[in-house]
Amino acid sequence: MKKVEQAILKVMGWFMALLIFAMMVDIFAAVVSRYVLRSSIPFSEELGRYIFVWITFIGMSRCIANDKHVALDLIAHALKGKALRIWKIATYVISMVFFGALTYGGVMLYNVGKRQKSPTMRIPMNYMYVIIPICGALALFFLVMKIVDEVKAMKGDAES
């Protein structure tokens, strides 16, 4: 499973890099168009916003996988050994509740988006919203992997 997790993270990293490059090209083209050609690109702002949202959600899932998310770790720093492992598992379970709700809400939003079009580009909004349940599910996957690792480590600690 670790190989699958690493492969997913690598694909996510490359996809984020591609999106960041696309956003850079979009914004650069908008600036050049506005100041050099004296005409703006109508969809540029909307495209940049959608790309930024996708980058944010993919980054959120990657942060979960790498334990780089924002956290209050005062209690975690005070604990050691088995108590720390139990605390981590508890926080992962609480996070899973949140990401489960996010995934469910994302699926609902995706279904609503099938009937909506974006204001400028006129693309179906479900293309925009699909990233929410995908990244929510990825975050759940990474949290399950973390729980499995903690349980294995607790069993290893008990056997030592």
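**View 1. Helix H4 in the lining of the largest pocket.** Helix H4 (residues 81–113) supplies 7 residues, the largest share of the lining of the largest pocket, helices being DSSP runs of H or I with at least four residues, numbered from the N terminus. The model is predicted, so that local features need pLDDT of at least 70 and side-chain atom pairs pLDDT 80 or more, whereas totals for chains, interfaces and linings use all residues. Residues are numbered from 1 along each chain as its sequence is written, and side-chain values use heavy atoms, without hydrogens and water.

**View 2. Centre of the largest pocket.** Of the 16 lining residues, Asp67, His69, Ala71, Thr91 and Tyr92 lie nearest the centre; on a 1 Å grid over the protein atoms alone, a pocket is an open set of points where a 1.4 Å probe fits, with protein on both sides within 12 Å along at least five of seven lines, and lining residues have an atom within 4 Å of a point.

**View 3. The end of helix H2.** Just after H2, Asp67 adopts a positive phi of about 55°.

**View 4. Helices H1 and H2.** Helix H1 (residues 2–35) packs against H2 at an angle of about 155°, with the axes 9 Å apart.

Key. Helices (H or I, at least four residues) and strands (E, at least two) are DSSP runs, numbered from the N terminus. Axes are lines fitted to C-alpha atoms, for helices over the stretch in contact, and angles run from 0 to 180 degrees between N-to-C directions.
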